[in-house]
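Here are a few notes to read beside the model.

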Amino acid sequence: MVTCNIFVKNILIMAKAKKYKTALVLSGGGARGLAHLGVIKALNEKDIFPDVIAGASAGALVATLYADGYTPDEIMAFFKEKELLKYVEIIIPKTSLVKMTGIIKMLNKYLRAKTFEELKIPVFIAASNISKGQIEYFSQGELLKPLVASASIPVLFNPVKINDDYYVDGGLLDNFPIKAIEKDAEKIIGVDVCPISYQDKFTSIKSVAIRSFYLAINRDVVVESQLCDLFIASDKLSQYGILDVKKNEEIFKLGYTEAKKALKTYNTSLLTD
């Protein structure tokens with residue numbers, strides 16, 4: 001009788017519905033992150049709306065603004081007001097090359113939610129704790145600091161202090177934070193805006209450093225993409241630099257176009273029923 005009860009209990013646990021029906025995972029990638037907005041626009045046009053979003057770096061910025069109730073086009077308008085490079089303040093190099101003062105001002109201007117709980121959609125933000133050397137996923141409490149931390153590219157931006165620890169770009173330790181939601185979602189849509197394609201020219205130390213950073217943060221994405229029900233990525237994004245904000249409209253349209261192509265070959269009813 002005991003064995004039978006345990007068996008029935010296990011069956012009930014397996015049959016229990018997961019917390020979220022559709023999850024969206026957004027990678028980091030600097031200016032390439034604007035492609036996420038094009039992808040989300042294409043998804044929404046197919047009546048696909050995520051119940052939870054996990055993001056790193058640029059993906060975290062897009063996820064949070066979208067979860068705050070803005071449409072992809074509205075978010076794009078924020079980035080069209082000024083070029084992203086005008087959002088940073090040049091400083092004498094100490095712990096970084098630039099401050100995120102302007103980005104913080106932008107978020108203070110447009111971000112309505114002050115806490116994770118105030119967002120219209122649950123969001124998990126990946127940030128790298130460089131004090132402890134581990135990834136952390138924020139989903140409760142104060143919103144701004146974890147968000148800024150997640151987008152703080154090492155060396156380029158200052159680390160962000162949260163409590164007693166310092167945090168930088170979530171992409172450093174987990175650029176595709178599927179781990180934050182995979183056990184709680186029935187279906188997962190993944191978007192990688194930082195794919196690795198062949199590169200045959202390295203014209204400076206900077207180009208080698210950027211290439212090395214991309215290789216490091218993408219080391220697990222190929223494996224983790226297999227956990228997605230729908231995975232969207234395009235090698236075409238490799239032609240854009242991490243701060244190539246002058247091409248923001250092109251990047252947005254590329255994300256939209258690639259998502260439309262992917263959705264043509266996928267049974268979208270699996271994500272909307």
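1. A term to start with: helices and strands here are DSSP runs numbered from the N terminus, a helix having at least four residues and a strand at least two. Keep in mind that this is a predicted model.

2. Take the helix pair. Helix 2 covers residues 34-45 and helix 3 covers residues 58-67. Their axes lie 10 Å apart, at an angle of about 40 degrees. Helix 2 and helix 3 are therefore oblique to each other.

3. Which residues make the contact? Helix 2 brings His 36, Leu 37, Ile 40 and Asn 44. Helix 3 brings Gly 59, Val 62 and Tyr 66. By class, this contact of helix 2 with helix 3 has four nonpolar and three polar residues, and no charged ones.

4. Now the empty space. Rolling a probe the size of a water molecule over the atoms shows where such space is left. The count is two cavities of 30 Å³ or more. The largest cavity holds about 50 Å³.

5. What lines the largest cavity? Ala 35 and Val 39 are among the lining residues.

6. Two or more lining residues come from each of helix 2, strand 9 (185-192), strand 10 (230-233) and helix 10 (248-264). Helix 10 gives the largest share, three residues. By class, the lining of the largest cavity has eight nonpolar, two polar and two charged residues.

How values were computed
Residues are numbered from 1 along each chain as its sequence is written. This is a predicted model: local features need pLDDT of at least 70, side-chain atom pairs count only at pLDDT 80 or more; totals for chains, interfaces and linings use all residues. Side-chain values use heavy atoms; hydrogens and water are left out. Axes are lines fitted to C-alpha atoms, for helices over the stretch in contact, and angles run from 0 to 180 degrees between N-to-C directions. Angles under 35 degrees count as roughly parallel, over 145 as roughly antiparallel, 65 to 115 as roughly perpendicular and the rest as oblique. Contact means heavy atoms within 4.5 Å. Ala, Val, Leu, Ile, Met, Phe, Trp, Tyr, Cys and Pro count as nonpolar, Asp, Glu, Lys and Arg as charged, and the others, Gly among them, as polar. On a 1 Å grid over the protein atoms alone, a cavity is a set of points where a 1.4 Å probe fits but cannot get out, and a pocket is an open set with protein on both sides within 12 Å along at least five of seven lines; lining residues have an atom within 4 Å of a point. Grid points are joined across faces, edges and corners, and a volume is the space filled by probe spheres set on the points.
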